[in-house]
Each structure stands twice: as C-alpha cells, then as structure tokens.
Amino acid sequence: FTVNYTDGSSTKFTQSLSDWWTPQNNTGESTALQFAYLNLSNGGRLNVPVYLYRYSFNIDTTKTVKSLTLPNNANVAVLSIALGAAQPGVSLSSEANTIGIYTDGTPFSTGGLDGAGDAYSANLLGSSLTLSGTTFNFLPANLPNVVKGINGPVISLPQGSYATLGFLGAGMYGNQPNQTFTVNYTDGSSTKFTQSLSDWWTPQNNTGESTALQFAYLNLSNGGRLNVPVYLYRYSFNIDTTKTVKSLTLPNNANVAALAVALVAP
C-alpha cells in the first residue's frame, strides 16, 4: 500500500491480509467485526462466520497527504478509510487512588476495585485498548491504576482544543444514575455532562454508554478468580472546540470508577 504526498514523495507499507473467512492474526491486523453469517445472491444467507479486519499505517506527519494507492490485486478489498491526528496522552497516575486492576494469581489486601476484594484482570485488559480509532491507555497492574470519585477528583488534561473527551469506567454497588462530569477550560468556564453508569456486573445500555470490554472472569483477593462476566464501559462527551481544556472533574461518588481517559482532536 502506498501513501502519496503532495510534494511527489510517497511511503510504501507492506501488509498481509487475511481471507475474510479465515483470520490469520497477521502483524498489523486486528478483527474489526465478526459477522455471524454472509448474504447469498439468492437472497438467503449462509450461517458461517466471516470477518472484517482493521489495518493502520503511521505516515509522515511533516508532509501533506494526497492519496492512497492500493495493491494491484483484485482479491484485496477496502470498505472504509479514515485519517486520524495523533492523540495526546492522558495519564491518570497523579489522580489514581485505587488499585482495581491486578495480574492473574496475585493476592491482594487493598480491597480491589469495589473495596470488597474484587478486581479487573490485567491479563484480559492489557495495557491499552483502541476503540473506533481512539486509544485508551491503562496504568500498570498491581499499583494505583483507577480513579474513583472520592471527593470529586480533578484529572489534569493536556491543554489544547479537542472535539471529544472519552473515558472508560464503570459503576460499583449498583448502577449509578445521573452522574455529573465537568470539563474545565483554561478561561475558567466549564461544561457539565450528566451520564448514567452501569454497574460493572450488570450492563444497562444507558444512553451514551457502550461496552468497551467484556471480561470472562474477575480476580479475587486470594489470588483466585470468579468465573462471572464483568464489564468495562465507554463514555464520550462532545466538548467546546473553541476553548482550551484544562481538566476533568469526576462526580463526588466513590462508586464511580475511571480507568482511562482519551482526547480526540477536531
């Protein structure tokens, strides 16, 4: 695949693509969507799984892109293309007040995510999660890695103009309805958002909420696991692109937890 720039130069990328029936987990390839069936020319369907894959290339940020040349191969198909600006990193290390993510097999006495000895599995979570082109980075396991809404913590943000603010989190000890999140700007103004959060055990499909990840189990304080599904949710707020963001204030609710925050440029 060749990315062409306006100055006449180009960058070539070599990428292996899996067949839509048989994922090979090639380097640089991830599953964007798994279909339960495919449609047939007679109007029926064939109940076999087929796949759509995602690929991403890091291009030269010092140049102006012009076009993308696909390989000369009729067996390569493209359904959609997106361009994205680099995302600023948002670290929660200064505000993290809870150890809610543990590696499997690790005993702990901190109370975990919910204070009752339960925690997310770091083995299932990984170090980051990319959703619809937005990357959320997690803090290391077995150290403070979650911000809970104790005394309405304020999370510092990289100053700049952004279109959306997203975060990954969940409620605890029941669903947490109508929670107020505040985005603060450098001019002293702010924008308030009201969002209901599902409990990490019981998704409610609230407006503005989607499942970021479903875990097959949770980790227990004795180093074991409980084989029940738990969830991490994604939330997104459209913020004022004419202003410079400064911070995010979480609701004053210890049963609200944030694991990662990301900003997206206009």
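Reader: What order do the five strands of the open sheet take, and what makes two strands a pair?

Author: The order is 12-22-14-20-17, and the pairing is antiparallel. Two strands pair if DSSP finds at least two bridges between them. Strands themselves are DSSP runs of E with at least two residues, and helices are runs of H or I with at least four, both numbered from the N terminus. The model is predicted: local features need pLDDT of at least 70 and side-chain atom pairs 80 or more, while totals for chains, interfaces and linings use all residues. Residues are numbered from 1 along each chain as its sequence is written, and side-chain values use heavy atoms, with hydrogens and water left out.

Reader: Which are the edge strands, and what makes them edges?

Author: Strand 12 (147–149) and strand 17 (209–215), each of which pairs on one side only. On average, neighbouring strands of this sheet are turned by 35° against each other, direction ignored. The angle is taken between axes, which are lines fitted to C-alpha atoms (for helices, over the stretch in contact); angles run from 0 to 180 degrees between N-to-C directions.

Reader: How do you know that strand 12 and strand 22 are joined?

Author: Three bridges join these two antiparallel strands. The pairing rule asks for at least two bridges, so strand 12 and strand 22 count as a pair. Within strand 22, N253 stands opposite G149.

Reader: What joins strand 21 to strand 13 and to strand 15?

Author: Strand 13 is joined to strand 21 by three bridges, and strand 15 to strand 21 by four. Both pairings are antiparallel. S156 stands opposite S247, and Y185 has V245 as its bridge partner.

Reader: Why is strand 21 called mostly covered?

Author: Four of the five residues in strand 21 (residues 245–249) are buried. Buried means under 20% relative accessible area, exposed over 50%, and partly exposed in between (1.4 Å probe, protein chains only). In the protein chain, 41% of the 266 residues count as buried.

Reader: What makes a nonpolar core, and which residues touch the most other members of the largest one?

Author: A nonpolar core is a set of buried Ala, Val, Leu, Ile, Met, Phe, Trp, Tyr and Cys residues joined through side-chain atoms within 4.5 Å. The largest holds 50 residues, and those touching the most other members are Y120, L157, L165, L168, I239, L248 and V261. Strand 22 (residues 253–264) gives the largest share of this core, eight residues. With neighbours within four places in sequence left aside, I239 has contacts (heavy atoms within 4.5 Å) that include L165, V183, F193 and L263.

Reader: How do you know that the side chains of N219 and D104 make a polar contact?

Author: The value for this pair is 3.0 Å. A polar contact is a pair of N or O atoms within 3.5 Å; within protein, one must be able to donate a hydrogen and the other to accept it, and residues adjacent in sequence count only if both atoms are side-chain atoms. At 3.0 Å the pair is within the limit, so it is called a polar contact. For S161, a polar atom of its side chain lies 2.5 Å from the backbone oxygen of T241.
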